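Let us walk through this structure one piece at a time. Keep the 3D view open as you read.

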Amino acid sequence: MINKLQNLDIVNAIHTIDCEISAINELKNLLDDNLSKTLDLIENTKGRVILSGMGKSGHIAKKIAASLASTGTPSFFLHPAEASHGDLGMVTSDDLIIAISNSGESKELIDILNYSKRFDIKLVAITKNPDSSLAKAGDIVLKLPNSKEACPLGLAPTSSTTATLVLGDIITVGMIERRGFSKAQFNQRHPGGKLGSILQKVKDLMHSGSDMPLLSENALFDEIILEMTSKRLGCVGFVNEKGELSGMLTDGDLRRCLKSDLKNSKACEIMTKNPITVEKEMFAAQAIKIMNDKKITNIFVVENKKPIGAIHIHDLLKQGVA
């Protein structure tokens, strides 16, 4: 019995996936010049892009608003019911409204539609019904596929919400491309969590100033041991008379020097010359890739060949950069 139920579950799951894929494929065929016109409107909007929708369409609208806001397009979600009780005051003549309703006949959107007309606020309608009240009120209509829902009753929004979500992603990605939105800008909006860790820069994590293990390339062996021990980064960098990084030693290098009886040598005689370095504006994720590829645990940060910081791989791992 259990196996039969499990098999039925898999059959139903595949049916759901197939239905939703079908809706997305149908969406491809519905894309037209209105998409570019919508992106033009968003790009030229001086205010905010305001998403609205009721029920499941509202949940999708929230996600689209969040995606736009996090990628350089000021945006927020306006609940239709709250809009009718004062929140329409959030909307200005410089804003753009994107209203979502699969049927195009959500009664809760009527006040928003009327408000947009009264104050000449541009409206983009997202619906499957081009003859609906929403479509007729819209300055631009983005059509959703009229495909069957994956729900066996044909009622619960499933395929339709998936298609709407994908259309929202299309708009978001389109605006990322148009604005030339960068990783640095993305990082400014995602300081927390895993994304924030990955997008940190080397300059945010490096040990600098008196915390940086640094000596002259003419330093003696005892000085090197003292510096490495006190700074506790497992390495020491060395500079030439111009203040440029000319070499470095790791704790592993020092152990090998002890075995080879080189402890009476100067740094310039035993150091690894022209070590691998990174720049302060490099993303921490890029730095850890270099360290992994080169199989090193320490790296110096330089500016115009002069050391300004040092990083141990543990500094990166502690911040979740991996």
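Contact means heavy atoms within 4.5 Å. The residues of the contact of α2 with α7 divide into six nonpolar, two polar and four charged. Here Ala, Val, Leu, Ile, Met, Phe, Trp, Tyr, Cys and Pro count as nonpolar, Asp, Glu, Lys and Arg as charged, and the others, Gly among them, as polar.

This is a predicted model, in which local features need pLDDT of at least 70, side-chain atom pairs count only at pLDDT 80 or more, and totals for chains, interfaces and linings use all residues. Residues are numbered from 1 along each chain as its sequence is written, and side-chain values use heavy atoms, with hydrogens and water left out.

The axes of α2 and α7 lie 10 Å apart, and the two helices pack at an angle of about 60 degrees. Axes are lines fitted to C-alpha atoms, for helices over the stretch in contact, and angles run from 0 to 180 degrees between N-to-C directions. α2 and α7 are therefore oblique to each other. Angles under 35 degrees count as roughly parallel, over 145 as roughly antiparallel, 65 to 115 as roughly perpendicular and the rest as oblique.

Now turn to another partner of α7. The axes of α3 (residues 56-70) and α7 (residues 159-179) come within 10 Å and cross at roughly 15 degrees. That makes α3 roughly parallel to α7. In α3, the contacting residues are K56, I60, K63, I64, S67 and L68; among their counterparts in α7 are T161, L165 and M175. By class, this contact of α3 with α7 has six nonpolar, five polar and three charged residues.

Next, the sheet. Five strands form an open sheet in the order β2-β1-β3-β4-β5, with parallel pairing. Two strands pair if DSSP finds at least two bridges between them. The edge strands, β2 (75-77) and β5 (140-143), each pair on one side only. The twist averages 20 degrees from one strand to the next. Helix α2 (residues 33-44) packs on this sheet, touching β1 (49-53), β3, β4 and β5.

Finally, step back. The protein has 15 helices and 12 strands. Helices (H or I, at least four residues) and strands (E, at least two) are DSSP runs, numbered from the N terminus. The C-alpha atoms fill a box of roughly 90 × 60 × 35 Å, taken along the principal axes.
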